[in-house]
Amino acid sequence: MKPHSLHFLCFSIGALVSAAQAADLYVSPNGSDAASGFVGEPVATLAAARDKARAFAGKEAVTVHVDDGVYYLPETLVFAPQDSGSEKHPVVYQSHNEGGAVLSGGSELKLDWKPYRDGIFQAQTPDGLVIDQVFVDGKNQRMARYPNYDPAKMAEPYQGYSADAFSKQRAKRWANPAGGFIHAMHTSRWGGYHYRITGKDAKGAVTYEGGWQNNRQMGMHKDFRMVENIFEELDAPGEWYHDAGTRTLYYLPADGVDMKSAKVEVVRLRHLVEFQGSESNPVRHITLRGFVVRHAARTFMDCREPLLRSDWAIYRGGAFMLTGTEQVRILDTEFDQVGGNAVFVNHYNRGVLVKGCHIHDTGASGVCFVGDPKAVRDPLFEYHETQDLTKIDRTPGPKTNNYPADSAVEDCLIHGIGRVERQPAGVQISMSKGITVRDSSIYECARAGINISEGTWGGHLIERCDVFDTVLETHDHGSFNSWGRDRFWHKDRGISQREIDKDPKLPFLDAGETTVIRDSRWRCDHGWDVDLDDGSSNYDIYRNLMLNHGLKLREGFRRHVWNNITVNNGFHPHVWYNHCNDQVFSNIFMSPHRPARMKKTAAGTRVDGNFYAADKAAVMKVSRKFGWDGKSVFGDPMFVDPANGDFRVKDGSPALKTGFKNFPMDQFGVKKPSLKAIARTPEIPALQGAKAKAAKGGAGSTKWMMATLTELSGDEFSAFGVSREDGGLVVSDMRKGSPLAAAGVLDGDLLQAVNGRKTGTLREFNRVIRAVKGVAELKVVRNQTEMRIKCTVTAGK
């Protein structure tokens with residue numbers, strides 16, 4: 001062999017060895033960042049592995065093998081465009097054993113515990129330590145709070161609440177409450193608010209700041225309140241309090257905790273991993289697989305950004321934060337008790353995949369897809385904001401590409417959502433396009449399981465999901481919830497109607513692509529199974545099993561609903577536009593429709609050809625008012641095995657005459673074997689009988705000043721946007737010459753008070769009105785806005 005040939009052979013072998021080393025890097029808790037990172041020489045941190053991988057990223061298929069152990073991240077792990085792989089040469093970071101490598105945003109404390117009093121222990125903490133959460137033996141403990149947490153009250157606000165949570169009387173017990181927190185439900189239970197206590201004033205009243213976490217600013221609920229991080233409230237096992245001034249951590253051990261051996265960890269970081277790219281320079285083709293993610297800080301006091309005119313405000317961040325990525329995948333990862341959002345897909349992202357993940361006990365939402373408001377044409381940011389519809393930009397679609405699109409959440413188990421915040425979702429979608437949620441089980445949610453905040457920009461697909469035990473602490477929502485307060489939408493429906501009559505394409509300027517909800521199972525015990533709220537437009541809904549509270553369609557356009565089953569319930573049409581092109585057919589319903597604020601005719605719609613396992617007379621009493629269900633069929637649907645959740649119909653079922661077709665009953669929810677083995681499924685309700693009883697008699701009414709006043713009932717509370725506690729009387733049928741009309745009251749207004757005294761029911765009204773003479777101040781609600789109207793009260797009807 002010639003010398004130069006031998007040299008070439010040696011060089012080739014060396015290059016192959018080098019390439020093999022470059023393709024595989026290793027991380028171990030026992031490694032050293034000064035090591036090479038190759039086999040037998042692992043580095044100690046993922047940051048060091050990332051830096052070494054940059055030499056090969058995009059040129060070789062790089063795999064970073066992460067050994068089992070806990071990796072306390074000193075700072076957020078950031079992936080930049082230079083860390084990108086390619087379609088041919090992806091970059092993968094994977095745990096050696098799924099669930100073996102733990103990424104922690106906290107740190108372990110080595111403490112010398114000593115008895116304090118009443119079973120409480122105390123220990124000195126390091127200088128400058130700020131503690132947001134304390135974990136003992138892997139379990140998140142609770143800040144000292146009042147009232148105490150009761151795990152048996154999962155469907156009650158905060159699992160314990162009290163109207164006197166921060167009353168002056170209660171605060172007398174507190175030496176210095178500054179740094180404590182107030183958590184309170186929205187007055188209508190549309191989510192919640194959070195406040196930081198700043199101290200007490202000269203009169204002993206608690207002072208505080210906050211309350212920006214909800215986009216419907218209507219104040220806190222008078223009863224549903226809780227305080228935490230108050231030293232004097234440290235009185236229940238599992239509670240803690242940290243006095244930063246004296247550097248003392250106090251802890252009342254939970255049952256079974258051995259203070260001599262307990263592992264104590266505290267939280268430092270909000271974001272554990274960030275991908276930082278842009279549309280012009282994205283982070284591409286990186287996969288994270290098989291990790292456990294723990295110890296991300298709570299973010300509720302920074303949840304400030306309104307999501308257009310939805311009810312939401314949001315903190316733009318999460319334990320994993322993705323900005324400006326393409327083909328980034330989060331696979332087989334557990335997000336365990338993170339304090340805020342688990343995964344946040346922010347602004348421009350394409351091809352994100354979250355698959356095979358277990359997301360549980362999050363402070364806020366599971367997975368969020370949220371675009372840039374600057375990509376929206378004519379955006380508005382609060383329910384009451386309006387604009388001149390004759391002057392809006394009528395160019396369809398977004399202004400820019402700065403939003404998530406063509407991404408998916410697949411085969412995930414998501415539960416325990418909203419342990420801190422009360423306006424979360426298992427999956428939240430806002431200002432995004434073409435997001436898929438499939439084969440996922442989502443349950444135990446303070447609010448919705450899946451939420452779509454507005455129509456921008458549609459094209460989403462939800463299929464084969466199992467969503468239940470939602471809206472546990474809130475109200476007027478659904479296991480699936482959406483809004484569509486887009487460019488066309490005005491809180492005065494008549495203004496929108498006039499412009500849409502001129503230009504029927506108006507509702508589809510933002511919701512330009514159809515969103516599909518199919519082949520899924522839904523159950524909500526505190527709202528609707530599926531709730532399409534204000535303005536939600538351009539939906540196809542088919543082959544869904546709704547187990548409890550049926551389907552609601554509020555004002556919107558082009559909702560096509562067919563081949564669904566609503567067990568023990570039915571269809572809830574609310575406040576429809578004319579010519580909305582809603583089509584509801586070939587469904588199996590088990591109760592009469594439950595309309596709210598519906599006109600007697602809503603032209604351009606079809607509600608017919610359905611099957612009813614309900615009393616025909618009761619159904620037609622409602623449907624006949626709208627010209628519906630003339631060709632619908634009634635009888636026994638002949639379900640196969642309803643007691644065990646099989647609501648297919650048998651051969652020969654009369655439901656088949658409507659065009660209804662069976663669909664699988666064993667494909668709902670997560671499929672990954674390890675997750676399916678631990679996933680819960682919903683309670684299957686017992687059928688209330690083949691012929692559901694007719695609804696109870698209508699609400700009471702009375703005549704007053706040449707008008708009719710009628711109590712709210714059923715779905716009407718939602719239709720008017722008021723709580724059941726506040727109630728009200730609907731004004732209708734005002735005759736010519738009515739003093740109410742002369743004062744400016746309109747048919748459809750809701751009377752809630754006279755001279756400051758509540759008139760939420762007829763009994764309250766009759767009690768109040770006896771003492772009213774002369775000019776009175778009426779509190780009415782019109783288009784979900786409170787108004788005060790002066791009116792001369794006259795005697796008689």
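An open sheet of four strands, in the order S7-S20-S10-S11, is present in the predicted model, with antiparallel pairing; two strands count as paired if DSSP finds at least two bridges between them. Helices (H or I, at least four residues) and strands (E, at least two) are DSSP runs, numbered from the N terminus. Strand S7 (106–109) and S11 stand at the edges, and because each has a single partner strand, one side of each is left without a neighbour in the sheet. Strand S10 (residues 134–136) runs antiparallel to S11 and is joined to S11 by two bridges. Within this pair, Val-136 has Lys-139 of S11 as its bridge partner.

The model is predicted, so that local features need pLDDT of at least 70 and side-chain atom pairs count only at pLDDT 80 or more, whereas totals for chains, interfaces and linings use all residues. Residues are numbered from 1 along each chain as its sequence is written, and side-chain values use heavy atoms, with hydrogens and water left out.

A further open sheet is formed by five strands in the order S13-S17-S14-S15-S16, again with antiparallel pairing. Its edge strands, strand S13 (145–146) and strand S16 (206–210), each pair on one side only. His-186 has Met-220 of S17 as its bridge partner.

Strands S11 and S17 also contribute to a pocket. Strand S11 (139–140), strand S12 (142–143), strand S17 (220–228), strand S18 (239–243), strand S32 (358–362) and strand S38 (441–445) each supply at least two residues of the lining of the second largest pocket. On a 1 Å grid over the protein atoms alone, a pocket is an open set of points where a 1.4 Å probe fits, with protein on both sides within 12 Å along at least five of seven lines; lining residues have an atom within 4 Å of a point. The volume of the second largest pocket is about 1200 Å³, a volume being the space filled by probe spheres set on the points, which are joined across faces, edges and corners. The lining comprises 45 residues, and Asn-140, Gln-141, Arg-142, Tyr-149 and Gln-337 lie nearest the centre of the pocket. By class, 18 lining residues are nonpolar, 13 polar and 14 charged (Ala, Val, Leu, Ile, Met, Phe, Trp, Tyr, Cys and Pro count as nonpolar, Asp, Glu, Lys and Arg as charged, and the others, Gly among them, as polar).

Strand S46 (residues 539–542) and strand S49 (residues 559–562) pair in the parallel sense over four bridges, with Ile-541 opposite Val-561 in S49. S49 is also joined by three bridges to strand S52 (residues 583–585), and these strands run parallel. In this second pair, the bridge partner of Val-561 is Val-584 of S52.

An antiparallel arrangement involves strand S59 (residues 701–703) and strand S60 (residues 708–711), which pair over three bridges. Thr-702 has Leu-709 of S60 as its bridge partner. The hairpin of S59 and S60 has four residues between the strands, and Met-705 there takes a positive phi near 50°. Four bridges connect S60 to strand S61 (residues 729–732) in an antiparallel manner, and Thr-710 stands opposite Val-730 in S61.

Buried residues make up 59% of the 797 residues in the chain. Ser-95, found in strand S5 (residues 91–95), is buried, with a relative accessible area of 7%. With contact defined as heavy atoms within 4.5 Å, Ser-95 touches Val-66, Asp-68, Gly-100, Ala-101, Arg-289, Gly-290 and Phe-291, residues up to four places away in sequence not being counted. The C-alpha atoms of Ser-95 and Arg-289 are separated by 6.4 Å, although these residues are 194 residues apart along the chain.

Met-598 lies in the loop between strand S53 (588–589) and strand S54 (606–607) and counts as buried at 15% relative accessibility. Leaving aside neighbours within four places in sequence, Met-598 is in contact with Pro-573, His-574, Val-575, Trp-576, Phe-626 and Trp-628. In helix H5 (residues 616–623), the buried residues are Ala-618, Val-619, Met-620, Val-622 and Ser-623; the buried residues of H5 pack against strand S55 (611–612) and strand S56 (633–634).

Technical notes
Buried means under 20% relative accessible area, exposed over 50%, partly exposed in between (1.4 Å probe, protein chains only).
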